[in-house]
Amino acid sequence: MQTNFFSQQFNAGFLAENSTACPANATICDGTSCILPEDNFNQTLSVILSTVLTIMLAMVMFSMGCNVEIKNFLGHLRRPWGIFVGFLCQFGIMPLTAFLLSLAFNILPIQAVVVLIMGCCPGGTASNVIAYWVDGDMDLSISMTTCSTLLAMGMMPLCLLIYTKMWTDSNAIVLPYDSIGISLVALVVPISFGIFVNHKWPSKAKIILKVGSIVGAVLIVVIAVVGGILYKGSWVITPKLWIIGTIFPAAGYTLGFFLARVAGLSWHRCRTVSLETGMQNTQLCSTIVQLSFSPEELELMFTFPLIYSIFQLTFALLILGGYRLYRRRHVKTTTDVEKIPQKENSKSIAINNGGFVSDEMK
């Protein structure tokens, strides 16, 4: 891919006349939009905050693991209907939606590519925290996040090859397999410890879970805010990307829920699949974008992952608020899973749960 195909040409005389619009040390400036080089203080702060946030995120994943039953988790792996539905949503619905949105809004090729990269990313860890708060199936949520991150090593190149060839050479997109691997390890290891704690000390696991769920909810907001603050610069990007950034996560949540319901999953699993579909790993998308494109190209699309992150969090909080309001007014039990007389309806429960019947249902 030739860099100058997407790069903007900047007029030196125009910059001189508009020197007040951008700082003198701006690496890219067209008078209205600029990107500043990262200074040492900002770089040090970024490293410190990234380290702290990584440790906190590992602790949150550990607490989420404390809500997972080994038997239920293995049941999902042995009868992976729910995981398969999630796979279709993650690597079927999301890339296709990204492709259709890019065509519908007729955005620039480089912008279409970043939208597609976002659509091809695996699920984000924030979905596990939100799934807990909406009484979702935590076993399914964690298994879907883990499987989508693992499968991303093969599915991302395949999806990008299929959908980006009309705009650019997919070989120009650098996939950071090391980052995907680190994300997978950072996800699996703390969750495994959490599952072990829940197996050995279930009473202590409940305490850890409650604390971790609260910390996780706060951490999601902190990560979104820090991500916006650390990147110094101001951007003026096309309104089309703002519109796509709004529609895209909403479409992911809606289509994920609809497909899960059509597939016969229970309501709490539909909510889980919906969240896993709409909440993408935006950090991974940002990493891929920075590794793959020149500074001039970044100006046109770097903020899209941040836009998507803001709106995916906004819609997730609206879903959470709506569910909590519904539960307070209509549901008197701990979850909205129907209380069917045991024994007589175990077969229908098995169908809704992908063939898995827990000990409580027998």
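**Cysteines and the nonpolar core**

Tutor: Cys270 is buried, its relative accessible area being 0%. The model is a predicted one. With a cut-off of 2.5 Å between cysteine sulfur atoms, the number of disulfides is zero. Cys120 accordingly takes part in no disulfide, and the nearest cysteine sulfur, that of Cys159, lies 4.6 Å away. Cys120 also counts as buried, at 1% relative accessibility. Cys270 is likewise in no disulfide; the nearest cysteine sulfur, belonging to Cys89, is 9.7 Å away.

The largest nonpolar core comprises 39 residues. Val115, Ile117, Met156, Phe248, Val289, Phe293 and Phe304 have the most contacts inside this core. At least two residues each come from helices H5 (81-105), H6 (109-120), H8 (138-164), H11 (239-262), H13 (282-292), H14 (295-301) and H15 (304-330). Helix H6 gives the most, with nine residues. Leaving aside residues up to four places away in sequence, Val115 touches Ala98, Ser102, Ile107, Leu241, Ile244, Phe248 and Phe304. Apart from this core lies another, of 24 residues, including Ala126, Ile191, Leu219 and Tyr323.

An unreviewed UniProt entry lists several segments under "transmembrane region", among them residues 112-134 and 241-260. Over residues 112-134 the chain is 74% helix and 0% strand, with 33 Å between the end C-alpha atoms. Residues 241-260, by contrast, are 100% helix and 0% strand, and their end C-alpha atoms are 28 Å apart.

Technical notes:
Residues numbered from 1 in each chain as written. Predicted model: local features only at pLDDT ≥ 70, side-chain atom pairs only at ≥ 80, totals over all residues. Heavy atoms only, no water. UniProt positions renumbered as here; feature names shortened; annotations may be inferred. Helix = DSSP H or I, 4+ residues; strand = E, 2+ residues; numbered from the N terminus. Buried < 20%, exposed > 50% of the residue type's maximum accessible area, 1.4 Å probe, protein only. Core = buried A, V, L, I, M, F, W, Y, C linked by side-chain atoms within 4.5 Å. Contact = heavy atoms within 4.5 Å.
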